[in-house]
Amino acid sequence: MFTLAQEMPQDWWEVEALFDLCFAPGRTALSSYRLRDEVPPVAGLCRVARDQYGNLGGAIRCWPVMVGLHEALILGPVAVHPTAQGEGLGGALVRDTVARAAEQGYARILLVGDAPYYARFGFERLDGVEMPPPTNPDRVLGLALVDGAWDGVRGTVTRLA
């Protein structure tokens, strides 16, 4: 049993260690990390999942970005500790974050990920939205939190200045 909670400043390094464990060693060299350089995450959308003993089982973060002239959130990274995988924790983190983003008035979320996995949360491939290279365009997915939020949104994804 895991409880989802707000990530606190003292959780930062433990969450970073989880991301290191779950992703390739060069994860911070990925193009999505260039969008996060020197930009703080959206604190209210950074969540952790802890078991009854306080052990970190999963984490998710969101960052503000621009798509052309439109603001958006980029969801990720999201990670689940190997000992907690297969229990639906990743899905719970995604659903929780999407719901919170909608409650906080955000219009659109994008991510770079596996379309078959994220389709169950409503994410679809975004045509005309370009992540920095070498991102595979088939993995650039979006979710409208407001009807039509992605309509006509095109362009390069850049850091929020």
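Author: Let us begin with exposure: a residue is buried under 20% relative accessible area, exposed over 50%, and partly exposed in between, with a 1.4 Å probe and protein chains only. At 39% relative accessibility, Arg125 therefore counts as partly exposed. Please note that this is a predicted model, in which local features need pLDDT of at least 70 and side-chain atom pairs count only at pLDDT 80 or more, while totals for chains, interfaces and linings use all residues. Residues are numbered from 1 along each chain as its sequence is written, and side-chain values use heavy atoms, with hydrogens and water left out.

Reader: How is a pair of aromatic rings described?

Author: Such a pair is described by the distance of the centres and the angle of the planes. Rings of Phe, Tyr and Trp (its six-membered ring) pair if their centres lie within 6.5 Å; planes under 30 degrees apart count as stacked, over 60 as edge-to-face and the rest as tilted. The count by this rule is 5 aromatic pairs. In one of them, the ring centres of Phe19 and Phe23 are 6.2 Å apart and the planes stand at 50°, so the pair is tilted.

Reader: Are Phe19 and Phe23 buried or partly exposed?

Author: Phe19 is buried, because its relative accessible area is 0%. Phe23 is partly exposed, because its relative accessible area is 33%.

Reader: Which aromatic pair is edge-to-face?

Author: Tyr118 and Phe123 form an edge-to-face pair, with 6.0 Å from centre to centre and 75° between the planes. Tyr118 counts as buried, since its relative accessibility is 10%, and Phe123 is buried too, at a relative accessible area of 3%. Ring pairs also link Tyr117, Tyr118, Phe121 and Phe123 into a cluster.

Reader: What does it take for a charge to sit over a ring?

Author: The NZ of Lys or the CZ of Arg must be within 6 Å of the ring centre and within 35 degrees of the ring normal. Here the charged end of Arg61 sits over the ring of Trp12, 3.7 Å from its centre. Arg108 lies over the face of Trp150, at 5.8 Å from the ring centre.

Reader: How many salt bridges are there, and what counts as one?

Author: A salt bridge is a side-chain nitrogen of Lys or Arg within 4 Å of a carboxyl oxygen of Asp or Glu. The count by this rule is 8 salt bridges. One of them joins Arg61 to Glu7, with the closest N and O atoms 2.9 Å apart. To place this pair, one needs the elements: helices (H or I, at least four residues) and strands (E, at least two) are DSSP runs, numbered from the N terminus. Arg61 is in strand E3 (residues 56-67) and Glu7 is in the loop between strand E1 (2-6) and helix H1 (12-22), 54 residues apart. Both Arg61 and Glu7 are buried. A network of salt bridges links Glu7, Glu16 and Arg61.

Reader: Which residue forms a salt bridge with Asp11?

Author: That residue is Arg50, and the closest N and O atoms of the two are 2.9 Å apart. Arg50 lies in strand E2 (residues 47-51) and Asp11 in the loop between E1 and H1, so the pair ties together parts that are 39 residues apart in sequence. Arg50 is buried, because its relative accessible area is 18%; Asp11 is buried as well, at 9%. Another salt bridge joins Asp127 to Arg125, with the closest N and O atoms 2.2 Å apart.

Reader: Which strands are joined to E8 by bridges?

Author: Two strands pair if DSSP finds at least two bridges between them. Strand E5 (residues 108-112) and E8 run antiparallel and are joined by 5 bridges, with Arg108 opposite Ala144 in E8. Strand E6 (residues 124-125) and E8 also run antiparallel, joined by 2 bridges, and Glu124 stands opposite Gly142 in E8. Strand E8 (residues 140-144) is mostly covered, as 4 of its 5 residues are buried.
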